[in-house]
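Please look over the structure shown below before reading on. The notes after it are grouped by topic.

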Amino acid sequence: VRVECQRFTGALLDPTAEAGYVQFNTDGSPTDVGRLERDACNDLRRYLRGDKTSPTLQEVIAVQVLAHESFHLAGIRSEAETECAAIQRIDDVASTLGATAEQARTMAERYYDEVYPRMPDAYRSSECTDKGELDASPDNPEWP
């Protein structure tokens with residue numbers, strides 16, 4: 001699978017407000033390409049080039065969008081389940097992109113505290129909590 005960034009022309013013609021997208025086939029399986037919209041890609045590039053000590057909120061969101069679309073590519077269709085899974089792995093994604101463990105943990109906590117509560121209902125679940133039904137590691141007290 002791969003993730004592609006939207007091109008300039010595509011951004012001009014894109015009427016949606018989605019920061020990322022994975023298309024699913026009629027049989028329910030995901031295609032092998034995820035797309036990030038242009039602004040999200042630019043924010044991700046800034047994060048990659050930065051020192052990771054104080055990412056902007058837009059950079060935090062861009063890392064989360066990358067994590068989110070990765071879970072769609074893995075086959076999760078539900079937006080709430082995908083978002084919750086991605087929240088629990090955003091620190092892994094940030095680490096892969098060059099953050100220290102502490103910087104990555106701070107990013108995960110910041111997203112969960114500042115962004116997740118404002119997401120549309122379709123992206124949130126009351127089970128996306130420590131020891132909730134969507135907790136991928138219920139024995140681990142660290143959340144997200």
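Is Glu-18 buried, partly exposed or exposed? Its relative accessible area is 38%, so Glu-18 is partly exposed. The model is a predicted one.

- Glu-18 sits in the loop that runs between helix 1 (8-13) and strand 2 (20-24).
- Glu-18 and Arg-49 are 31 residues apart along the chain, and 24 Å separates their C-alpha atoms.

**Strands 2 and 3**
- In a regular strand, side chains alternate between the two faces of the sheet.
- Strand 2 pairs with strand 3 (residues 30-36) in the antiparallel sense, over four bridges.
- Within strand 3, Pro-30 stands opposite Phe-24.
- The two strands, strand 2 and strand 3, form a hairpin with five residues between them, and Gly-28 in the turn has a positive phi of about 95°.

**Helices 4 and 5**
- Two packed helices are described by the angle and the distance between their axes.
- For helix 4 (residues 79-96) and helix 5 (residues 101-115), the axes come within 7 Å and cross at roughly 150°.
- Helix 4 is therefore roughly antiparallel to helix 5.
- The crossing of helix 4 and helix 5 is right-handed.
- Helix 4 makes the contact through Glu-83, Ile-87, Ile-90, Asp-91, Ala-94 and Ser-95, and helix 5 through Ala-104, Arg-105, Met-107, Ala-108, Tyr-111 and Tyr-112.
- By class, eight nonpolar, one polar and three charged residues make up the contact of helix 4 with helix 5.

**Thr-82**
- Thr-82 is part of helix 4.
- With a relative accessible area of 0%, Thr-82 is buried.
- Apart from neighbours within four places in sequence, Thr-82 is in contact with His-68, Phe-71, His-72, Ile-76 and Arg-77.

**Backbone exceptions**
- Most residues other than glycine have a negative phi, and most peptide bonds are trans.
- Lys-52 has a positive phi, near 70°, and is a residue other than glycine.
- Lys-52 is located in the loop between helix 2 (38-49) and helix 3 (57-73), and counts as buried because its relative accessibility is 9%.
- Lys-131 is not a glycine either, yet its phi is positive at about 70°.
- Lys-131 belongs to the segment after helix 5, and at 54% relative accessibility Lys-131 counts as exposed.
- Trp-143 and Pro-144 are joined by a cis peptide bond, with omega about 0°.
- Pro-144 is in the segment after helix 5.

Terms used
Residues are numbered from 1 along each chain as its sequence is written. This is a predicted model: local features need pLDDT of at least 70, side-chain atom pairs count only at pLDDT 80 or more; totals for chains, interfaces and linings use all residues. Side-chain values use heavy atoms; hydrogens and water are left out. Axes are lines fitted to C-alpha atoms, for helices over the stretch in contact, and angles run from 0 to 180 degrees between N-to-C directions. Angles under 35 degrees count as roughly parallel, over 145 as roughly antiparallel, 65 to 115 as roughly perpendicular and the rest as oblique. A crossing is left-handed if the near helix is turned anticlockwise from the far one by less than a right angle, and right-handed if clockwise. Contact means heavy atoms within 4.5 Å. Ala, Val, Leu, Ile, Met, Phe, Trp, Tyr, Cys and Pro count as nonpolar, Asp, Glu, Lys and Arg as charged, and the others, Gly among them, as polar. Buried means under 20% relative accessible area, exposed over 50%, partly exposed in between (1.4 Å probe, protein chains only). Two strands pair if DSSP finds at least two bridges between them.
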